[in-house]
Structures are given as structure tokens and as C-alpha cells.
Amino acid sequence: MRGLAWSGLQGIPIQETNFTFRKNLLALHHYTKYMNEQKDNFKIQVNTEIGRLRKLLIHSPDSGLGKVVPSKAQDWLFEDIVHLDTIRKDEYDYYVKLLMYFLDPAKIKGKLATIDSDEADRSFFKPDSKDFHASENVIELQQLLGDVLENTAIKKKLSASVCAIEGCTYKLQLQLIETEPTELAKTLISGSLPDGRMIFSPIPNLIFTRDVGTTINNYILLNKPAKKARVRESLLMRYIFFNHPMFANYHDHVLEIPDSEHHFLRPGEELENRTTLEGGDVMMISPNHVLIGCSERTSPYGANEAMKLLFENNVVEKVTVVRIPNKRDFMHLDTVFTQVKRNVWVLLHSIASVDENKYKTPIDFLVQPEPKEQTEIIQFYKDKSKPKHFVSMEQLFEDISTNDLKSTEPVEFIYSGNGVFPFDAREQWTDSCNLLAIKEGVVLGYDRNDKTVEAFKAKGFNIVKVKDLINDLESGKANADTLVDTLILMPSAELSRARGGFHCMSLPLLRDDLS
Ligand SMILES: NC(=[NH2+])NCCC[C@H](N)C(=O)O
């Protein structure tokens with residue numbers, strides 16, 4: 001299906017013979033028909049964090065990750081450099097395989113041995129290979145970008161926009177426009193030309209698809225990144241959402257955060273004065289209720305503009321803003337908690353309870369904690385009734401579990417590192433709280449957070465290594481439909497250096513309603 005212009009005849013050179021012209025026209029007709037079917041069958045809908053996952057956007061580690069240099073690692077928001085081959089073969093590929101068994105089993109079941117064979121050379125995982133999985137449920141961003149670039153007009157506009165933000169020469173811009181779409185998609189993401197020459201920085205954080213947008217019911221809220229290293233990601237996503245035929249029925253439902261009026265007159269470059277919001281700070285927690293974090297990445301103005309859009313478009317009725325300490329370790333809301341089941345949450349203790357009864361020493365009276373260091377929780381309503389304050393994260397979660405999600409079971413909290421210093425902080429740093437629920441109670445997390453894993457066990461969860469689970473799913477010993485209460489441990493030595501977990505590495509587009 002690739003390699004054809006889908007909205008015009010731009011791809012067909014004038015000098016072509018009548019025969020090839022007619023053949024192309026026929027292929028174009030089939031392609032357009034396929035795209036139209038794809039568009040009409042395509043649905044987005046997410047109203048919780050835990051309903052069974054049916055469709056999501058991901059991006060597998062591209063060659064750009066293998067080009068991060070130590071001197072730029074921090075600017076590019078990695079704390080370290082990663083080993084590309086290991087992060088792909090020994091880590092991320094397991095994620096793709098697991099997603100396939102749950103979301104698109106026909107593509108993998110019974111074929112695992114071939115997919116994993118040496119001869120296959122990972123072609124199932126490579127977006128530019130003819131054996132690429134090309135799943136319509138586990139959707140690879142690079143493939144969507146390639147599709148969009150088939151249209152010459154869009155290719156020109158996007159190349160010009162990328163060149164503008166990256167400060168490229170006009171000649172390079174012309175060269176990019178002449179590049180074949182699949183290659184160009186790779187270049188715009190990795191920053192390197194097909195001959196390996198680096199022309200601009202990679203965007204290694206694109207693997208964290210969560211941060212570029214959030215599905216809220218049948219709307220997509222696009223981000224407005226705080227960090228320069230993530231600006232190109234947003235630009236590419238914007239072009240995908242507004243131009244890919246898959247999203248054609250949703251253009252009116254893509255919400256973009258505007259800058260507030262006269263923002264250019266505001267003094268300084270302080271985050272507090274800017275309008276920024278990243279997807280890791282937005283959680284569609286229960287039908288009609290969205291959580292937005294104010295954090296290192298999402299500013300109060302960003303949260304405010306998002307709230308306005310959600311209320312004005314009648315997308316939800318309540319938004320709870322959670323202000324978390326402004327620190328690198330807590331860059332987004334989903335780095336300090338995620339939801340596991342309607343009545344189970346995993347969180348970092350230090351952002352959680354405010355123990356009013358705790359004995360205070362004189363110094364607690366003499367030195368007041370910085371307001372910025374404290375968690376603050378305010379709930380706002382579309383009907384403009386008075387906002388409500390919550391005193392702790394636990395209180396908010398109790399409210400969501402029992403009142404929004406109608407859980408009848410007691411609400412349970414699992415703390416990072418089992419709530420014990422220094423394991424709580426160490427394990428939060430390696431994403432113990434950043435879990436992806438593939439269905440209610442079945443979550444993916446890193447294998448390195450031992451104390452958190454013990455805490456899960458103590459609450460009655462099964463713990464299983466992804467490799468074992470995949471073997472069992474292939475042999476039929478395990479079944480995606482019947483699996484319950486399980487923490488799936490994913491290899492993490494390289495991935496965790498990129499400073500995100502599986503919640504960040506997923507942008508859910510479709511989840512079942514909770515029954
Ligand atoms: N939703 C998340 N927590 N995303 C994690 C993003 C990590 C990435 N290196 C960054 O700093 O931007």
C-alpha cells in the first residue's frame with residue numbers, strides 16, 4: 001500500500017507511458033478505497049486509564065537513539081547514552097511482541113519462531129521492511145509519517161517547517177523535498193540522511209509517544225512542549241493528526257493549545273510565564289474527569305488553556321489540577337503515580353499523604369517548605385461551581401475509585417520501593433510508578449524495581465517475566481483474555497536510561513469501557 005500518493009496524482013511523472021499511467025491510476029483507486037475504509041472503520045475513544053487497550057500509537061527506538069552523545073545527552077533529556085542494539089532486541093521488541101498478543105494476535109500467534117529467527121533479521125520490527133508488522137492496532141508513528149509524506153504538497157510544507165525550526169539551508173530543504181517518503185520519514189525522525197550524515201539533532205524522546213498528545217473520549221489534546229528537544233516531535237504529530245487519512249473523521253476533534261493572549265509581551269522565559277503542556281501530565285482517569293499535572297513541563301497557563309478547551313468543547317465535566325514539585329525526577333504526573341485497577345494505584349509516598357498529625361519539630365515551624373515543593377490538588381467544574389481542594393493524593397484516588405468508577409472494593413495503594421527510603425526515590429527514578437495497564441489489573445513495568453515488585457506481590461499480584469509470558473501466550477498456556485492481576489516485568493537496563501516507562505511509551509487511542 002505504500003509508495004503511492006493518496007490524494008492526487010502528484011507522484012506520477014509526466015513522461016510515463018499511458019500504460020503505467022493507467023496502472024498507477026488503478027492502484028491509486030484501490031489505495032484510496034483502502035484508505036477510505038480505514039478511515040471509516042477507525043475509531044478513537046478512551047475514557048479510563050485501565051479499560052482493555054485496543055489501539056495505541058508507539059514509536060520503536062530509531063537510529064537517532066544511537067546517536068546521542070554524552071555532551072548533549074542532558075539537553076536531549078537523556079541522562080546517559082544507550083546501546084541501540086540492546087534497547088531494540090533485548091528490550092523494546094518484547095514490548096511490541098506483548099502488545100501484539102493482546103491487540104493484534106493474528107499477526108504473531110503461531111509465527112513467533114519465524115519472527116525471532118536470525119534469518120528474519122528483526123524485519124517484523126522495522127517500519128521500512130516489507131515484512132514489517134504494519135499493525136492497525138499497534139500503530140507505528142514512523143509509518144504514519146511516511147504515509148503522510150506521500151502527498152507532495154504536504155511533503156513540501158513539512159520539510160520547510162522542519163528546516164525552519166532546525167535552521168537548515170534552503171538547498172538542504174530542496175534536497176529533503178526530493179527524498180523518497182519512507183526515507184524522509186526516517187530522516188525527519190532520526191536527524192540523519194540515508195547516507196548516515198547527521199543534519200540535525202535526533203528526537204530520541206519520540207519513543208515516549210504519550211507526551212505528544214492525549215486521547216480524551218473521542219478528542220485528541222495535542223501538547224505544547226516545554227523543552228526545546230521535543231519541539232520537532234510535536235510538529236510531526238500535528239502533521240500526522242491533521243493529514244493522515246486515518247484521522248480524517250477527527251479533524252474537528254484535535255485540540256491545540258493556543259498561547260494566551262499577548263503572551264509575547266510577558267517578561268522572561270520562566271516556565272511559570274509560558275504556556276506549556278506535555279501529555280505525561282494529562283490522564284483521562286474516568287469518564288468525564290481529566291487530571292492535569294502542573295510540573296516541570298506543564299505550566300499553570302498550559303493547564304488553564306487545556307481546561308478551557310475541554311470545557312468549551314464539552315469534552316469532560318471535571319478537571320483536577322495536581323501541582324507536583326517542580327523537579328527533574330518528577331517531570332510529569334505519570335512519573336509519580338499511575339492506576340492499576342479501579343481500586344488500586346501505584347504512587348510515590350513523598351508526594352502522597354500530608355500527615356497532619358505528624359509530630360512537628362521546631363524547625364518545621366521555623367522553616368516553611370517552599371510552596372513549589374508541595375503537592376496541591378484542586379478540582380474544577382465545567383458548570384463553574386466552586387473548585388474543591390483535596391488534602392492528599394490518596395483522598396483524590398479514593399474519590400475517583402469509589403465515586404467516579406463505582407468500585408465496591410477497598411481502595412489500595414502500592415508505594416514505590418514499598419514506601420521505604422531510599423528505595424522509594426531510587427525506584428521512582430527508574431519508573432516504578434509509571435505503569436501501562438493493558439487491561440484492568442494487568443500492567444507492564446520495569447524488572448529493576450525490586451521493592452516495588454515485592455509490594456505488588458504482597459497485594460496479591462502475580463509477577464511474570466515478559467519472556468516467560470510470551471512463550472506461554474505462544475504455546476497457549478496463557479491467554480490474554482483470561483489473565484488477571486499481573487505485573488509483567490519488562491527488561492529495562494537500557495530503556496530506563498531514557499527516563500521514561502511504559503506509560504510514557506504508549507499513546508492509547510482506543511480502550512474498552514470498563515464493564
Ligand atoms: N510521560 C513521561 N513521563 N515521559 C517521560 C519522558 C522522558 C524524556 N526523556 C523527557 O525527559 O522528556
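These legends accompany several close-up views of a predicted model.

Residues are numbered from 1 along each chain as its sequence is written. Because this is a predicted model, local features need pLDDT of at least 70 and side-chain atom pairs count only at pLDDT 80 or more, while totals for chains, interfaces and linings use all residues. The predictor's confidence in each residue is given by pLDDT, which runs from 0 to 100; the mean for the protein is 92, and 91% of its residues reach 70 or more. Over residues 1-17, however, pLDDT stays under 50, and for this stretch the model has 28 contacts beyond four places in sequence. The scores of the model are ipTM 0.98 and pTM 0.92.

**View 1. Helix H5 (residues 141-148) and what covers it.** Helices (H or I, at least four residues) and strands (E, at least two) are DSSP runs, numbered from the N terminus. H5 is mostly covered, since eight of its eight residues are buried; a residue is buried if 20 or more other C-beta atoms lie within 10 Å of its own, exposed if 12 or fewer, and partly exposed in between, with the C-beta atoms placed from the backbone. The buried residues are Leu 141, Gln 142, Gln 143, Leu 144, Leu 145, Gly 146, Asp 147 and Val 148. The elements that cover them include strand E1 (53-58), strand E2 (138-140), helix H6 (152-166), H8 and helix H9 (231-243).

**View 2. The packing of H5 against helix H8 (residues 181-190).** Two packed helices are described by the angle between their axes and the distance between the axes. Here the axes are lines fitted to C-alpha atoms, for helices over the stretch in contact, and angles run from 0 to 180 degrees between N-to-C directions. H5 and H8 pack at an angle of about 125 degrees, with their axes 8 Å apart, and that angle makes H5 oblique to H8. Angles under 35 degrees count as roughly parallel, over 145 as roughly antiparallel, 65 to 115 as roughly perpendicular and the rest as oblique. The crossing of H5 and H8 is right-handed; a crossing is left-handed if the near helix is turned anticlockwise from the far one by less than a right angle, and right-handed if clockwise. H5 contributes Gln 142, Leu 145 and Gly 146 to the contact, and H8 contributes Pro 181, Thr 182, Ala 185, Lys 186, Leu 188 and Ile 189, where two residues are in contact if their C-beta atoms, placed from the backbone, lie within 7 Å. These residues divide into five nonpolar, three polar and one charged; Ala, Val, Leu, Ile, Met, Phe, Trp, Tyr, Cys and Pro count as nonpolar, Asp, Glu, Lys and Arg as charged, and the others, Gly among them, as polar.

**View 3. The packing of H5 against H9.** The angle between H5 and H9 is about 65 degrees, and their axes are 10 Å apart, so the two helices are roughly perpendicular to each other. H5 passes H9 in a left-handed crossing. On the H5 side, Leu 144, Leu 145 and Val 148 meet Leu 236, Tyr 239, Ile 240 and Asn 243 of H9. The residues of this contact divide into six nonpolar, one polar and no charged.

**View 4. The packing of H6 against H9.** H6 and H9 pack at an angle of about 165 degrees, with 10 Å between their axes, and they are therefore roughly antiparallel to each other. Their crossing is right-handed. Ile 154, Leu 158, Ser 161, Val 162 and Ile 165 of H6 make the contact with Val 231, Arg 232, Leu 235, Tyr 239 and Asn 243 of H9. Seven of these residues are nonpolar, two are polar and one is charged.

**View 5. The loop between strand E13 (412-415) and helix H13 (423-429).** Asn 418, which is found in this loop, has a positive phi of about 60 degrees although it is not a glycine. With 19 other C-beta atoms within 10 Å, Asn 418 is partly exposed. Pro 422 also lies in the loop between E13 and H13, and the peptide bond from Phe 421 to Pro 422 is cis, with omega near 0 degrees.
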